[in-house]
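Me: I'd like to learn how to read aromatic rings in a protein model. Can you walk me through it?

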Amino acid sequence: MNYIETDGVKIVLRNFGKIDPLKVEEYVARGGYESLKKALTAMTPEAVIEEVKASGLRGRGGAGFPTGLKWSFTKKDADQKYIVCNADEGEPGTAKDRLIMTGDPHGLIEGMAIAGYAIGATKGFIYCRGEYTTSINTLNHAINQARENGFLGENLFGTDFTFNLEVRSGAGAYVCGEETALIESIEGHRGMPRFKPPFPGGAGLWGKPTVVNNVETLANVPVILDKGADWYKSIGTEKSAGTKIFILCGNLRNTGALELPFGMTVREVMETYGGGLLTGRDLQMVHLGGAASGIMPPALIDTPLTYEDLQAVGQGLGSGVILAIDDQKDFMSYICSNTHFFEHESCGKCTPCREGTARINEILHRIAAGDGTLEDLDNLKDLGEMMQISALCGLGQAAPTPVLTSLEHFMDKYVEAVSGKKNEVNEEAVATEAIHKSYYEAAPIKLD
Amino acid sequence: MGCCQPIDKVTAIVEQYKGEKGALIPVLHAVQKELGYLPKDALETIAAGLNIPASEVYGTTTFYTLFSTKEKAENIIRVCESGPCHVSGYQKVLEAIKEELNIEVGEATEDKKFYLEMTACLGVCAEAPAIMINDKTYVNLTPEKVKALLASF
Amino acid sequence: MINLTIDGKQVQAESGMTILQAAKANGIEIPTFCYDPALSKAGACRICVVEVEGARLLAAACVAPIYEGMVVHTNSEKVQKSRRINLELLWANHNQDCLTCEKAGECKLQELCYKYGVTESRFEGKKRNLPIFDDNPFYIRDYNKCINCGKCIRACQEIQINETYDFVDRGFNTHPDTAYRVDLMAKESPCVFCGNCVAVCPTGALTSKINRGTFRTWEVEKKVKTTCTYCGCGCGLELNVIGNKVVRVTPDLSGTTPNEHGALCTKGRFGFDFINREDRLTNPLIKENGKFRKASWEEALDLIASKLKGIADVNGGNSLMFLSSARTTNEENYLMQKLSRAVFKTNNVDHCARL
């Protein structure tokens, strides 16, 4: 994965490219596991939670929930608690957790051990997506090293704190990035989300209080303890503290992942680090934040990349993807690829998502093939808005977002597509549909 | 106990995970790695060995796209069709693979060397288009590059 | 007690209740598909969504707990719209054969589409196209009518504890099925045809084969409460009668019978054809000169009493043996041993279930 070097402060990628990720001693030589030692020997669990709360760290998986607050909601008295790392990085365009896991696995392990201490969990799981075989191997190697060096296991740093860690592999299901589906999957079940409440902090893995945090979130924790909440809070903006890994991809001159403090605008990042678009091309749209986030029109690219600024314009930071799409790309065909993704990844448990994602995809393909009507556009909006408020989990609630935001900002393209231009068949869209169709027909129906 | 029959290998894997919480998915992974897919008798052995209802074992197996209940081929090609790969032109790479191997998505070559399927994001989006063959990811592909890659198998 | 407002009405409900329970306790009905008081909760069908003031999302009433000061709208415009679209989605992926469907008249989907005025769907398109499973004497499984409420799966897991079904596949293709998608008679299937899955199915996906196509559900004239005679459990039944003929058996759901949640077994539920058979014995027969003749109950009982008494008088009570049946109730079995011990002074009494 391409990594783009920047001049600014690095937190989660502080060691990236500077150490051999397979050698724990190199991590230790750069101050590794000092924060864990500090937490265990000089801080109470409550003090750790307070420090993380004060830092303003928010979940980096997409929802942006304050991490310290999430930790403080964990049920206090329980015979067993768990800390779970969500490494099911499935949001299309997202390639950040992979960088951390393969580039600095001990940073994640240390973050998890600290989180475990803070909430009172003696056991942790890293749920890594099955396609990330290198990450899984690297993590397993690093966990063994950490255990051999006394950073995992019993009586860490001479205290009575015990913490063990295990990697579990996903098996190809985007929905397992949803925390309760992830928990179901670790338990060995179909990855179908649970209704909430109860929240995992009350009853999660095997019914025990569980905190689920994203890889990037946890990798921030050792640095927060090392340098203090005040230092951390001084980076980024008031409501979006610290740094974020952004992934520049799509039709830019340079593509890759980079760590930046919150606050630069979308345009600045694309131009400064992405090198802008190819000569002679114009920006059509930016799909910001991943497949489940909004489609951003060029008019909004001067919005700063912070939780609050993006929310104010009806967009979202999501997982940090900046997918630039130029004017050479077919609009409908892109939207179809997105709706196809959600139909394929819906778990099938709740009606709005199971049936809704399929119908949205069907209508979009119909429009792209030149058979759409104006009523189709109304129906898309009705259905999308229903899913946003009625679906069981975040997948179904977010799945219509690209369609709804693109209806908002690109209505002219939709109207054009449904306005009696049936003869002008969109070849790219038809080709895409053919691929999708063959895919479904290939789905196994009966066991051989 | 002999260890020559595939089913004995399944039994051995199940034994290894017995008593572990949430063992089903790790066991399915391990068995698939051993056999290439998850045939019915393997699922039956897993259900009995882990004391999980067969319906649950089967339901779980069919939920996840990385698990297969049918035999595919020696090498499984997964072409990423997510947004960044779409924008970067995975379609041409896919066409090249189909042409080179003379198969459609969801099919295996006659010699059972390759099986072609689509996948969601592989997490290498800055180097799209990308495909995975078995457990390795290949990036920045063009029709020419992918043809050369296939020839190396 | 918790104070809350439902549809503008100030009401009280017990702490720990869901919105659905609190509403029901106060006479407000909320529609459901996947909810069943006898089963664990799923919160999956989303037809019971209600509006809670201050919440961004609609809440599934079947799983959302109530809290002090909560303000709930169970039938606001937003709620109605969501339910209508939900029904349109289900209807679009359904084979829409209400005319000949066995479930018509009792189908939850039909009922709610009627209630919410869903006469057609804006989302018609592809449909599930799954084979119909009917290679067994008791049920037909047609998942093209299934709405994925999952109650059949939970009924089998939680009431019968046979674990025959789970969901298979994912997304649009998700549906309940057996392991390896075999028919229920296959050797791999643990199914015992108790029919509890058929009983909880809200649509025509799971239906009984018994008397199929011979009556419509609304033609049932009366439901006669009785106790199952197949064993001593004493399950409560309702014999569904049309014109003095039993056309089907449904469980007694009054909550006063041993089968509290309406669970029945294959015999109690499906084994009622003998009731209307012409060759069924309906009065006692006495054999005379090698031939049976009809007799009244009084005559028959008098004959038995005199014969038994005669034997006991000559050979003593211990020369008799009393064997009772598992197909009678506990009370009847008790009386049998009383007859044996108190009247004939013998402990020679036993029961077929021990054999």
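Me: Let's start with one residue. Is A:Tyr3 buried, partly exposed or exposed?

Reply: Keep in mind that this is a predicted model. To count as buried, a residue needs under 20% relative accessible area, while exposed starts over 50%. A:Tyr3 has 22%, so it is partly exposed. A:Phe16, at 18%, counts as buried.

Me: Now for another pair. Why is the pair of B:Phe63 and B:Tyr64 edge-to-face?

Reply: Look at the angle: planes over 60 degrees apart count as edge-to-face. Here the planes are at 75 degrees, so the pair gets that label, with ring centres 5.0 Å apart. B:Phe63 and B:Tyr64 are both buried.

Me: What sits over the ring of B:Phe63?

Reply: That's the charged end of C:Arg170, 5.6 Å from the ring centre. Within chain C, C:Arg141 lies over the face of C:Phe133, 4.4 Å from the centre of that ring.

Me: And which residues do ring pairs link into a cluster?

Reply: Find A:Tyr27, A:Tyr33, A:Phe151 and A:Phe157, which are linked into a cluster by ring pairs.

Note on methods: Residues are numbered from 1 along each chain as its sequence is written. Chains are lettered from A and ligands numbered from 1 in the order in which they are written. This is a predicted model: local features need pLDDT of at least 70, side-chain atom pairs count only at pLDDT 80 or more; totals for chains, interfaces and linings use all residues. Side-chain values use heavy atoms; hydrogens and water are left out. Buried means under 20% relative accessible area, exposed over 50%, partly exposed in between (1.4 Å probe, protein chains only). Rings of Phe, Tyr and Trp (its six-membered ring) pair if their centres lie within 6.5 Å; planes under 30 degrees apart count as stacked, over 60 as edge-to-face and the rest as tilted. A charge sits over a ring if NZ of Lys or CZ of Arg is within 6 Å of the ring centre and within 35 degrees of the ring normal.
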